[in-house]
Amino acid sequence: MDYQSYFSTHREQHLNELGELLKIPSISALSEHKGDVLKAAEWIADALRRAGMEGVEIHPTAGHPVVYAEHLHAPGKPTVLVYGHYDVQPVDPLNLWETPPFEPSIRNGKLYARGATDDKGQVFMHIKAVEALLKQEKQLPVNIKFCVEGEEEVTSPNLPSFLEANQEKLAADCILISDTALLAPGKPAICIGLRGLCALEISLHTANTDLHSGTFGGGVPNALHAMVSLLASLHDEKGRITVEGFYEGVPELTPELREEFAKQQFDEEKLKRDLGLETLYGEEGYSFVERTGARPTLELNGVWGGFQGEGTKTVLPKEAHAKITCRLVGDQDPQATIDRIERHLRAHLQPGATLSVKATEKARAFSIDPSDPMLQKAADAYAAVYGTRALFTKDGGSIPIVETLSRVLSAPAVMMGFGLPDENLHAPNEHFNLENFDKGLLTIVHYLKSL
């Protein structure tokens with residue numbers, strides 16, 4: 001079957017359909033868009049029905065719904081569960097978008113819209129690949145199930161309970177996910193590791209009111225001084241995290257893994273130029289890709305307190321605040337990591353200050369052996385279409401639900417992404433390179449047929 005001709009003939013129609021989905025502002029984090037999120041779920045369900053999928057259901061949850069579909073007419077063949085999400089990130093700041101985020105626009109071979117690459121565009125490709133197989137061959141080479149959720153951008157709070165309650169319905173031989181990126185144009189990658197996550201907010205208080213810096217300065221605690229000192233104690237001068245027990249469960253990098261990282265031929269000098277940096281920074285003894293793919297981190301995401309208006313205000317602030325996130329690897333336990341950080345903070349707190357700690361997100365790291373046949377066939381599928389076999393990489397980000405999916409369903413997660421690292425996901429002017437839309441459709445078809 002000539003799938004290249006098929007997709008070329010239907011390309012305009014497919015992009016118009018994707019444009020309809022991208023117009024829906026399905027922002028899961030904002031309650032005023034609850035109706036839009038449901039509308040996007042209904043759109044996905046309709047698209048699955050039109051593609052020929054059966055048993056299409058919209059499952060309510062305590063938050064946003066999960067869309068399920070199946071096509072189980074290949075006895076004795078593997079079952080593939082396609083996972084993705086139809087919710088998107090907020091769009092602020094609006095003034096930085098060149099075109100409105102929910103008015104899709106194609107410029108220079110790129111489709112611009114919120115959700116274009118993360119993850120509506122990539123989920124849509126799987127629906128169209130299945131539709132193409134059914135139209136061309138009247139049957140699917142494998143059994144297919146879809147599980148498309150509406151809460152990935154808010155850490156999937158309700159999907160774990162849905163998975164636990166529907167293990168038999170969702171049972172599969174592999175979980176196919178397209179929510180990651182190629183290394184660079186023409187350089188496909190299959191992610192075999194995602195870092196975990198834990199997050200906390202800390203608030204520090206001193207006096208019961210802000211104080212005059214002339215009358216009280218030098219004689220009482222200053223909340224900002226105490227906060228800066230506390231945060232500075234979290235790392236040493238070599239970039240290593242000083243929290244006792246933080247590295248428990250962190251695997252050492254094997255020579256084989258370091259060799260796989262080196263194959264990426266990552267250009268650190270180009271990165272510095274692109275980011276306007278004189279030097280990179282991080283844990284001593286590791287390259288950039290090792291630091292961001294296979295080592296844990298503790299990062300400050302926000303620090304604030306005191307006067308921030310125009311001019312000067314001679315004041316000693318009574319409180320200061322900070323937000324911290326950690327990326328975790330190996331067997332690091334998110335809650336144990338939060339507990340260790342809290343103990344460190346309390347042990348290093350300046351006299352006269354009190355501290356409160358609030359834990360927020362928590363997710364375990366994910367890792368899979370690249371020798372798994374499902375992953376090897378995926379690398380072969382990229383080679384057939386891109387002319388280059390995919391490298392196996394570890395991603396610095398976190399997709400918390402991947403570890404849960406793989407563990408609960410006891411199936412390998414195959415992360416076949418078709419985005420690019422510079423497509424502004426989560427930022428203004430998010431876009432999807434249409435070259436990878438075209439090649440991605442062919443790669444998915446090739447992969448499913450190879451199974």
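Ser-105 stands opposite Tyr-112 in strand E5 of the predicted model; strands (E, at least two residues) and helices (H or I, at least four) are DSSP runs, numbered from the N terminus. Strand E4 and strand E5 (residues 110–112) pair in the antiparallel sense over 3 bridges, where two strands pair if DSSP finds at least two bridges between them. The model is a prediction in which local features need pLDDT of at least 70 and side-chain atom pairs count only at pLDDT 80 or more, while totals for chains, interfaces and linings use all residues. Residues are numbered from 1 along each chain as its sequence is written, and side-chain values use heavy atoms, with hydrogens and water left out.

E4 and E5 belong to an open sheet of 3 strands in the order E4-E5-E18, with antiparallel pairing. Strand E4 (105–107) and strand E18 (431–433) stand at the edges with a single partner strand each, so one side of each has no neighbour in the sheet. From one strand to the next the twist averages 25°; angles run from 0 to 180 degrees between N-to-C directions, and axes are lines fitted to C-alpha atoms, for helices over the stretch in contact. Helix H14 packs on this sheet, touching E4, E5 and E18, and its direction makes about 60° with that of E18. Contact here means heavy atoms within 4.5 Å.

H14 (residues 434–450) also packs with helix H1 (residues 3–22), at an angle of about 125° and with the axes 11 Å apart. The two helices are therefore oblique to each other; angles under 35 degrees count as roughly parallel, over 145 as roughly antiparallel, 65 to 115 as roughly perpendicular and the rest as oblique. Among the residues that meet are Phe-7, Arg-11 and Leu-15 in H1, and Phe-437, Leu-441 and Val-445 in H14. The residues of this contact divide into 9 nonpolar, 2 polar and 3 charged, with Ala, Val, Leu, Ile, Met, Phe, Trp, Tyr, Cys and Pro counted as nonpolar, Asp, Glu, Lys and Arg as charged, and the others, Gly among them, as polar.

An open sheet of 4 strands has the order E11-E13-E9-E14, and its pairing is antiparallel. Its edges are strand E11 (297–305) and strand E14 (354–363), each with a single partner strand, so one side of each lacks a neighbour in the sheet. The twist averages 15° from one strand to the next. E11 and strand E13 (residues 319–328) are paired over 8 bridges in the antiparallel sense, and Gly-305 stands opposite Ala-320 in E13. Helix H7 (residues 223–232) packs on the sheet, touching strand E9 (196–205), E11, E13 and E14, and its direction makes about 15° with that of E13.

Helix H11 lies across E9, E11, E13 and E14, running at about 165° to E14. Thr-337 is placed in H11 (residues 334–347). This residue counts as buried at 2% relative accessibility; buried means under 20% relative accessible area, exposed over 50% and partly exposed in between (1.4 Å probe, protein chains only). Leaving aside residues up to four places away in sequence, Thr-337 touches Cys-198, Phe-246, Leu-328 and Gln-332.

In strand E6 (residues 143–149), 7 of the 7 residues are buried, so the strand is largely enclosed by the rest of the structure. Strand E2 (residues 66–71) pairs with E6 in the antiparallel sense over 5 bridges, whereas strand E3 (residues 79–85) and E6 run parallel, joined by 7 bridges. Cys-147 in E6 stands opposite Tyr-68 and opposite Tyr-83.
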